[in-house]
Amino acid sequence: MPWITRGLSEGIVTTRYPRRPDGYGPDFHGTLLVDPGRGVDRATERAIGECPTGALSVVDGQVEVDRGRCVLCGRCATLQPEVFRFDPSFDHSTIGRSALHVRGGAEDEETLAWIRSGLARRTKALRRSVHIRHVDAGSDGSEEWEIAALTNPVYDVGRLGIFFTASPHHADILLATGVGTVGMATPLRTTYEAMPHPKVVIAAGVDAASGGMVGPGYASRGGIGDVVPVDVYVPGSPPSPFGLLHGILLAVGLVGTAGNRGTTGRPGGRADRPRPQGTHPQGPASAVEPGDRTEAGEA
Amino acid sequence: MVSALEDDAFADNAFPAAVADRVEHGARFVGLFATSAPGGTRILAVLARGHAIEQEALLLPAGRTRYPGLAQRVPAAEWYERAILDLHGLEPTGRSRPDPLVFPLRSGAGWPRPTAGGPPRPTDPDPPSPPPSLQGEGVFTIPYGPVRSGVFEAVEYLVETPGEDIPHLRTRVFYKHRGIEKRFEDMSIDDGVLLAERYEGVASVAHAMAFCGAVERVAGVEIPPAAGAVRVVHAELERIANHLDSTVRHVEGAGQAVAFARFSLHKERVMRLRGQLSGSRFGRGVIVPGGVSGAPGLGGAELLQAVDRLEKAIRADCRLLLATPSFVDRLRGTGVVSPELAARYTLVGPVGRASGQHEDVRVSRPYAAYGHLGQPLAEPRSDGDALTRLHVRFDEMWGSFHLLRQAADDLDRTEADRTEADRTGRGTGSPWRNAVGPVSGEALGWAEAPQGEVAYLVELHEGSLVHARVRSASFHNLAAFALAFPHDILTDFAFIEASFGLSIAGASG
């Protein structure tokens, strides 16, 4: 009985995302933005050279960041704050690995549209009820925490028709984490093959995309890409729950990609920053702060 | 003390005898590491006695692959010997060849031995499906994992059972072995911290502190006082988040839906507070060699407010949970780790502290700002069941809140000093970080992770890593996990696992 009143004591704490924007606050390191307007000066070159995972490069005279490698350590932003900076936005999951490469030039929209329409066709039947099978293929353990967080009352993905399932036979989405260890290659492949069609694979985190800090080695394949065919990549080390949620919604065609927003950023104060559509302007979701109540029943 | 192995490995028992002698006279076995050394390979046993670290080393000449094993006299060394065989190809004598643990390979080349030059070539693991250890009517094996129901890290438990009891359990962690120790080689110190944060992602702060502690010891650098306070803040929030995670897994297993919602909400709030402080929900990027990366995202007063709010809400729910009979009954008497077992395996962290092993390196070998912060003495416990471990976790959370409040006060004072220094223009360097030069040498660093003591053995050459050896609390404690099922049945498994609260990433490397 006391648990009932305890459960009701704080009203609704659940986020309204994706219907309403939400996020972790202005200082959250959601992603790395590159200012394309500036040439490649010496400080920028140094920052590129110091990147621990080789996520930065110069392509056609412009700085490019590979979000599939960026572990958000912020070293480049310290060395060259005029070009690199953190942004609190989280909706940077992409369809296809190459779309994680962000720079000044336009992405290959044609290819992307083709891939996207193919994925949309596959996932059309899943939209109202999606079952996810998670497989750890060599994570550092933090990705599992963030995935598990999706079932807490703040994210509560059940409200969106998203469920975790034990059996791969019931799963629509394979949510894989980790660097792709040689030990997990067979279990991961077996899980994928046990899933019915249509199926979608999400690589959650830079470890799954590229191996991240661990990279390829005697025990790691540097990502899961050569074990299972990946459809959607969620950047981040680890990706935040909002980032994961965005990736899942992207996989089933319920949200669009953030596009090339990373390249339009202007340097300057926080107020000057372009506000990504998926990010709350006022900071962290107030509903999560104890004591605050959201307008119950409005949803 | 260094003993060189001259001729016959089988006959030389000086090394195990020396280690066992120290253990019998009150030293605590911390870990066993293999590293390259001039002229061969070094096996290094690290022990702790009160405030002091003790070492015993054995030099194996190049080409020798056998050494006198410790495990018969020091059972806690068994998993270390298995890992050393898998990763370095060095076999302990005096016992049967141990089972593979972290990376079972086909025999042959490609092993990342500490003496090998360059990166090893990729190899395939050869996971044997081992024959059952138990014989008996109706005994069968349930292979539980590596893909398990729910969101878990990959691990396989081979449960040998006649139906209900769990007379024998084998833990197989090699599925997610990532080869991190090899990856450390030749890295810069700054990159090394980032990798250490990912050795055991749920204890990023503790691993980064242990790594940086070793580097700072080599360099002879002290961290600024304000940096010490920031390190404490992040380390204690990490501890609270881990203990809440363990609690969430307990109540989930017991089907307590509201308690699940409440405790996972508390955990989310802690994670968001960590995100506000550092930009990362796991406190990554905060700890750097020589200090911390900068001022925390919240001032001392704001932090204090947030901490008070959290503690009030968490305390109320913990009280209610411990007064919920349908929950407590599942834990009482479940998964008993006797004090004798805990002593034999020198268990650390909450698992050890629930069974009479009270050492906490925050107290015995203080680092960061722990030396001058008042630390509450927790009630000594030794019942060793899952309920006692949960009590220990709750006690530790209250201790963490106590430390957080003091550290927040420290930060408040730092802010005041900074303002004063800025006003008078007498600011002296960074209050957050002291420079670490391109130093050479070897040292041990440690930290009390939420799972228990983490230790890093780091050797540097002119500022870059020669090698790093990691001993995580998860690895150390998981060795005893299989022995915690004396009177328990299959349905107790989830509670015992949750009450150990270990990370497989930390155990498999």
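A: Across the whole structure, a search finds eight cavities of 30 Å³ or more. A cavity is a set of points on a 1 Å grid over the protein atoms alone where a 1.4 Å probe fits but cannot get out, and lining residues have an atom within 4 Å of a point. Grid points are joined across faces, edges and corners, and a volume is the space filled by probe spheres set on the points. The model is predicted: local features need pLDDT of at least 70, side-chain atom pairs count only at pLDDT 80 or more, and totals for chains, interfaces and linings use all residues. Residues are numbered from 1 along each chain as its sequence is written, chains are lettered from A and ligands numbered from 1 in the order in which they are written, and side-chain values use heavy atoms, with hydrogens and water left out.

The largest cavity holds about 240 Å³ of space. Its lining consists of 22 residues, and those nearest its centre are Ala83(B), Leu87(B), Glu181(B), Tyr199(B) and Val470(B). By class, 14 of the lining residues are nonpolar, six are polar and two are charged. Here Ala, Val, Leu, Ile, Met, Phe, Trp, Tyr, Cys and Pro count as nonpolar, Asp, Glu, Lys and Arg as charged, and the others, Gly among them, as polar.

Several elements of chain B contribute to this lining: β2 (28-37), α2 (78-88), α3 (180-184), β14 (464-471) and α16 (504-508) each supply at least two residues. Helices (H or I, at least four residues) and strands (E, at least two) are DSSP runs, numbered from the N terminus. The largest share, five residues, comes from α2(B). At the level of domains, whose bounds come from an automatic or database assignment, domain 1 (2-93) and domain 3 (180-508) of chain B each give at least three residues to the lining of the largest cavity.

The helix α2(B) also packs against another helix. Its axis and that of α14 (residues 473-481) of chain B come within 9 Å and cross at roughly 115°. Axes are lines fitted to C-alpha atoms, for helices over the stretch in contact, and angles run from 0 to 180 degrees between N-to-C directions. α2(B) and α14(B) are therefore roughly perpendicular to each other; angles of 65 to 115 degrees count as such, those under 35 as roughly parallel, over 145 as roughly antiparallel and the rest as oblique. On the α2(B) side the contact is made by Trp79(B), Tyr80(B) and Ala83(B), and on the α14(B) side by Phe475(B), His476(B), Leu478(B) and Ala479(B). Contact means heavy atoms within 4.5 Å. Six residues of this contact are nonpolar, one is polar and none is charged.

The axes of α6 (residues 225-253) and α15 (residues 493-500) of chain B come within 8 Å and cross at roughly 170°. That makes α6(B) roughly antiparallel to α15(B). Ser246(B), Arg249(B), His250(B) and Gly253(B) of α6(B) meet Phe495(B), Ala498(B) and Ser499(B) of α15(B). This contact has two nonpolar, four polar and one charged residues.

Notes. On a 1 Å grid over the protein atoms alone, a cavity is a set of points where a 1.4 Å probe fits but cannot get out, and a pocket is an open set with protein on both sides within 12 Å along at least five of seven lines; lining residues have an atom within 4 Å of a point.
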